[in-house]
Structure formats: C-alpha cells, structure tokens
Amino acid sequence: MEDIDLEQQEPFPVDRDGRKVRTGADQPDGGRKLGCCEKFQQSVSQWMLPEDSRSKYLERANCCPPPIFIILISIVELAVFIYYAVWKPQKQWVTLDEGIWNSPLTYKSERRQEAWRFISYMFVHAGVEHIIGNLVMQLIVGIPLELVHKGFEVGMVYLAGVLAGSLSSSIFDPLSALVGASGGVYALIGGYFMNAVVNFREMIPLLGVFRILAILTFVGVDFGFAFYRRFVNDDAGMKVSFVAHFGGIVAGMTIGYVFFSDYNKKLLKDPRFWMCIVGFVVFLLFAILFNIFLTPAS
C-alpha cells in the first residue's frame with residue numbers, strides 16, 4: 001500500500017475562524033436547483049462583495065443564524081419609541097416632545113456627566129418619520145452586511161458610529177440635544193459606501209452605480225431634514241443636533257471600511273485596522289478631555 005505524505009497534501013480550505021468551508025467536493029448534488037435561501041445568498045454576495053470574494057462567501061454561507069444584532073437593536077428602538085408614544089403623555093405621537101426630552105436616555109449637554117447618555121440616545125427618536133427612516137435604512141444596509149460579516153463586526157461599527165456621533169456633537173454643537181440612531185446608521189452606510197467605491201470595478205457596474213446613487217440620495221435628503229430640524233423648525237422645545245450624522249459617517253468610512261473590506265481575512269494582521277483603532281482612541285480621549293475642561297455647556 002502506497003504511503004501518503006500528509007505534509008504534501010493540499011490543506012482543507014478554512015475561513016478566518018478556522019472552520020472548514022464547503023467545497024464542490026463536499027456537495028455531490030452540485031447540479032441541483034438552488035433553493036430560496038441560496039438564491040438570496042447569491043444576490044447578497046453580488047451586492048456586498050467583489051467578485052474574488054464571492055465564492056468564499058457562498059461556500060460557507062448559511063441563513064442560520066439570522067442577522068441577530070441588527071434585528072434585535074431595531075426591535076429595541078421600536079419598542080422604546082412605542083413606549084414614549086403610547087404610554088407617556090404626549091400632545092401627539094407623530095412628533096414626540098416632552099416625553100423624550102425628559103427621558104434618561106436622551107443626550108443633553110447639561111447631563112453629560114451621566115455617561116450612558118452618549119450611547120443610550122440611539123434608542124430615542126423624535127417622531128414617526130425619524131424612527132421609520134432610521135429603521136428602514138439600518139435594516140436594508142445592516143442585514144446584508146451582517147449576513148456577509150459577523151454580527152460582532154456590524155455591532156462594533158454601529159456602536160462606534162453612535163459614540164462618534166455623540167462625542168462629535170458634544171464638541172461641535174455642545175448646546176444641542178441628541179436623539180436617534182443616525183450615528184450608527186450612518187456608520188453602516190459609510191462603511192458600505194467606501195466598500196462600493198473602492199471595489200467598484202470588481203462589482204457589477206450597474207449595481208455599483210445604483211448603490212452609490214441611492215446612498216448619496218438618501219444622505220442628501222436626510223441631511224436636509226436634519227438641517228431643517230436644527231436651524232429652521234421652531235416647533236420643538238429643544239434643538240436637535242445634526243452633527244451625529246457627520247460623526248457616524250466618518251466612523252463608517254474609516255473603521256467600517258476596514259471591517260467590511262477585508263472579507264475572510266484576519267483584521268489583527270491589517271495595519272489599517274490598528275491605524276483606525278488608534279485614531280478612534282485618540283479622538284475618544286480628546287472628546288473626554290474637552291467635555292471635562294473646555295466645553296461651553298453648563
């Protein structure tokens with residue numbers, strides 16, 4: 001019997017966690033008709049990944065478990081909105097007022113010593129159009145991202161955008177309040193946008209153009225409403241900052257881009273990852289010192 005040199009054998013293909021991925025040899029029924037889940041995964045790969053990464057994704061793709069993080073965070077945000085719209089006394093629930101301004105979740109400059117508000121403001125929304133816009137966009141962008149990448153990575157980018165949004169607002173618009181998950185939503189959009197631009201030639205051209213135009217249209221309209229709420233609309237009792245949008249999208253175009261661009265690769269070996277982490281930590285320390293010693297807020 002011929003001896004087999006194990007060292008000369010071709011290693012099993014594995015993903016970045018060391019799990020063996022499915023290959024054509026593992027699937028004797030490779031010619032079978034694709035099911036609904038597999039067709040969906042194929043569409044996701046075309047939307048989210050350059051061509052050279054799609055086969056790796058499809059080999060290990062699985063609809064179970066579903067994108068837990070983005071679904072759970074959306075349910076919590078909707079539940080908080082319903083709580084303040086229905087169970088708290090409001091003049092109207094289309095645009096909330098006193099309930100959210102007095103909420104322990106809302107970020108307010110005079111209560112900035114309550115550190116949880118720099119994150120918890122994402123659960124509170126100012127009205128129906130606010131909550132619907134954020135939920136729709138984070139589900140449209142977040143679910144495909146979480147199917148391709150880990151929920152942990154999507155969650156880290158989302159929370160980095162939320163924190164960057166509140167810290168940016170505390171520095172550049174320190175006297176305004178802050179509500180809504182726009183920082184997290186824009187972090188996902190920023191990471192997705194950079195990935196679409198950088199890998200434009202490797203993706204389906206028509207889809208690439210459509211995605212970029214759709215993102216720019218949404219961002220333009222949403223920024224317009226944000227500026228209106230901040231500088232024109234006097235109905236609300238408190239001015240709502242728009243700076244979180246900028247903070248979130250910058251976090252997405254840096255940290256989000258690094259997380260979402262290197263599919264199936266180890267981030268710890270990517271120098272861009274460490275550059276983004278160091279930059280974010282420096283910004284975090286500066287923002288903390290600013291809020292302690294330099295802020296004009298009372």
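Select Ile189 to begin: leaving aside its neighbours within four places in sequence, this residue is in contact (heavy atoms within 4.5 Å) with Met137, Val141, Ile215, Phe218 and Val219. Apart from Ile189, the residues with the most contacts inside the largest nonpolar core include Tyr158 and Leu188, and that core has 60 residues. A nonpolar core is here a set of buried Ala, Val, Leu, Ile, Met, Phe, Trp, Tyr and Cys residues joined through side-chain atoms within 4.5 Å, where buried means under 20% relative accessible area, exposed means over 50%, and partly exposed lies in between, with a 1.4 Å probe and protein chains only. Helix H7, residues 151-172, gives the most to this core, with 9 residues.

Before going further, note that this is a predicted model, in which local features need pLDDT of at least 70 and side-chain atom pairs count only at pLDDT 80 or more, while totals for chains, interfaces and linings use all residues. Residues are numbered from 1 along each chain as its sequence is written, and side-chain values use heavy atoms, with hydrogens and water left out.

**The whole chain**

Now colour the chain by secondary structure, which comes to 11 helices and 0 strands; helices (H or I, at least four residues) and strands (E, at least two) are DSSP runs, numbered from the N terminus. Buried residues make up 48% of the 298 residues in the protein chain, and, of the contacts with a separation of 6 or more, 71% are between residues 24 or more positions apart.

Select Ser166 next, in helix H7, which counts as buried because its relative accessibility is 0%. Its side chain reaches two backbone oxygens, that of Phe118 at 2.8 Å and that of Leu163 at 3.0 Å; each is a polar contact, a pair of N or O atoms within 3.5 Å in which, within protein, one must be able to donate a hydrogen and the other to accept it, and residues adjacent in sequence count only if both atoms are side-chain atoms. Leaving aside neighbours within four places in sequence, Ser166 is in contact with Phe118, Tyr121 and Leu178.

From there, move to Leu178, in the loop between H7 and helix H8 (182-198), which is buried because its relative accessible area is 2%. With neighbours within four places in sequence left aside, the contacts of Leu178 include Thr106, Tyr107, Tyr121, Gly165, Ser166 and Ala244.

**Charged side chains**

Which residues are linked in a network of salt bridges? Select Arg111, Glu114 and Arg117 to see this network, a salt bridge being a side-chain nitrogen of Lys or Arg within 4 Å of a carboxyl oxygen of Asp or Glu. The side chains of Arg111 and Glu114 meet at 2.8 Å, N to O, and those of Arg117 and Glu114 at 2.5 Å, N to O. Arg111 counts as partly exposed because its relative accessibility is 33%, whereas Glu114 is buried, with a relative accessible area of 15%, and Arg117 is buried too.

By this rule the count comes to 3 salt bridges, and another of them can be shown by selecting Asp270 and Arg272, whose side chains meet at 2.9 Å, N to O. Asp270 counts as buried at 9% relative accessibility, and Arg272 is partly exposed, with a relative accessible area of 28%.

Now select Arg112, in the loop between helix H4 (98-101) and helix H5 (117-120). Arg112 is buried yet has no salt bridge, and Glu110, the nearest side chain of opposite charge, is 7.0 Å away; for such charges, Lys and Arg count as positive and Asp and Glu as negative, while His and the chain ends are not counted. What the side chain of Arg112 does reach is the backbone oxygen of Ser109, at 2.9 Å.

**Helix H11**

End the tour by selecting residues 271-294, helix H11, whose 24 residues should span 34 Å at 1.5 Å a residue, and whose end C-alpha atoms are 33 Å apart, which agrees; the expected span is 1.5 Å times one less than the number of residues. Within H11, show Phe273, Cys276, Phe280, Ala287, Phe290 and Asn291, which are buried. What covers the buried residues of H11 includes H5, H7 and helix H10 (243-261).
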